[in-house]
Amino acid sequence: MKKKISIIIRTKNEEGWILPCLEKVYSQTLKNIEVIIVDNHSKDKTIKKIKKFPVKIVKIKKFLPGKAINLGIKKSTGEIIVCLSAHCLPVDNKWLENLIKPLKYKKVAGVYGRQQPMPYSTDLDKRDLITIFGLDKKTQYKDPFFHNANSAFTKKLWRKIPFDNSITNIEDRIWGKKVISKGYKIIYQPTASVFHWHGVHQDQNAT
């Protein structure tokens, strides 16, 4: 029996994105999945739209990125954990299959996939995503870069090295630094690609 995959999606007022996101998730070649929505008290129609799908919904009052992921994982039943941004759309139906494939290797702590800009992303965001997320697969022995908009790791490893509950951002890169320091590797998997409308810096830095 194939390992169950728990997909954690953090939301806050994502009514414009959540339906196409979930449609892409449920159209994947791998079907042994559960989706856990960690919602930060959305005020729009996010929750109403989510209920069209067989998802678990977990509420979080004070949102912190690592805390939200940890909470979602605690409610999960899968052996493999995938993190996906609510406004990321998998490019094809093999996104999930390609994303988790490197986890079969013992010393791989996590995998993160490619992020492609939308046609209407700003020029700065397009530059950001194209520069950071290239076409070549990478094995990172020293580089701690990791990105939870599109990532995967095992629950077994997460139990050893969870995300920081207290920090306000870059919980993924801090986690990446911890796993690299423990002798693990991080894989960048460009064939596991999603469309993402903003860049890593969210159009905040023009230099």
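Residues are numbered from 1 along each chain as its sequence is written. In this predicted model, local features need pLDDT of at least 70, side-chain atom pairs count only at pLDDT 80 or more, totals for chains, interfaces and linings use all residues, and side-chain values use heavy atoms, with hydrogens and water left out.

**Exercise 1. Strand S9**

Solution: 

Step 1. Helices (H or I, at least four residues) and strands (E, at least two) are DSSP runs, numbered from the N terminus.

Step 2. A residue is buried under 20% relative accessible area, exposed over 50%, and partly exposed in between (1.4 Å probe, protein chains only).

Step 3. Two strands pair if DSSP finds at least two bridges between them.

Step 4. Single positions can now be located. Val194 of S9 stands opposite Pro90, and Gln115 also stands opposite Val194. Ile186 in S9 is the bridge partner of Gln140.

**Exercise 2. Strand S4**

Task: Decide which residues lie on each side of S4, and state the sense in which S4 pairs with S1 and with S8.

Solution: 

Step 1. S4 spans residues 80-84, and five of its five residues are buried.

Step 2. On one side are Ile80, Val82 and Leu84; on the other are Ile81 and Cys83. Both faces of S4 are therefore covered, as all of these residues are buried.

Step 3. S1 (residues 5-11) and S4 are parallel, with four bridges. Ile81 in S4 is the bridge partner of Ser6.

Step 4. S8 and S4 pair in the antiparallel sense over five bridges. Here Ile80 stands opposite Thr154 in S8.

**Exercise 3. Cysteines**

Solution: 

Step 1. Cys83 is buried, with a relative accessible area of 1%. Cys88 is buried as well, at 0% relative accessibility.

**Exercise 4. Aromatic rings**

Task: Classify the ring pair of Tyr112 and Phe146 and that of Phe153 and Trp175.

Solution: 

Step 1. A pair of aromatic rings is described by the distance of the centres and the angle of the planes. Rings of Phe, Tyr and Trp (its six-membered ring) pair if their centres lie within 6.5 Å; planes under 30 degrees apart count as stacked, over 60 as edge-to-face and the rest as tilted. The whole structure has 11 aromatic pairs.

Step 2. Tyr112 and Phe146 have ring centres 5.9 Å apart and planes at 80°, so the pair is edge-to-face. Tyr112 is in strand S6 and Phe146 in the loop between S7 and S8 (150-154), so the pair ties together parts 34 residues apart in sequence. Tyr112 is buried at 1% relative accessible area, and Phe146 is buried at 0%.

Step 3. Phe153 and Trp175 have ring centres 5.4 Å apart and planes at 45°, so this pair is tilted. Phe153 lies in S8 and Trp175 in helix H7 (residues 171-181), so the linked parts are 22 residues apart in sequence. Both residues, Phe153 and Trp175, are buried.

Step 4. Ring pairs link a cluster whose members include Tyr112, Phe146, Phe153 and Trp175.

**Exercise 5. Helix H7**

Task: Find which side of H7 holds the buried residues and which exposed residues the face turned away from it carries.

Solution: 

Step 1. The buried residues of H7 are Glu171, Asp172, Trp175, Gly176, Val179 and Ile180.

Step 2. These residues cover an arc of only 165° around the axis, which puts them on the same side of H7. The arc is that of the directions from the helix axis to the C-beta atoms.

Step 3. An α-helix has 3.6 residues a turn, so residues three or four places apart point the same way.

Step 4. The face turned away from the buried side carries the exposed residues Lys177 and Ser181. Just after H7, Gly183 takes a positive phi of about 90°.
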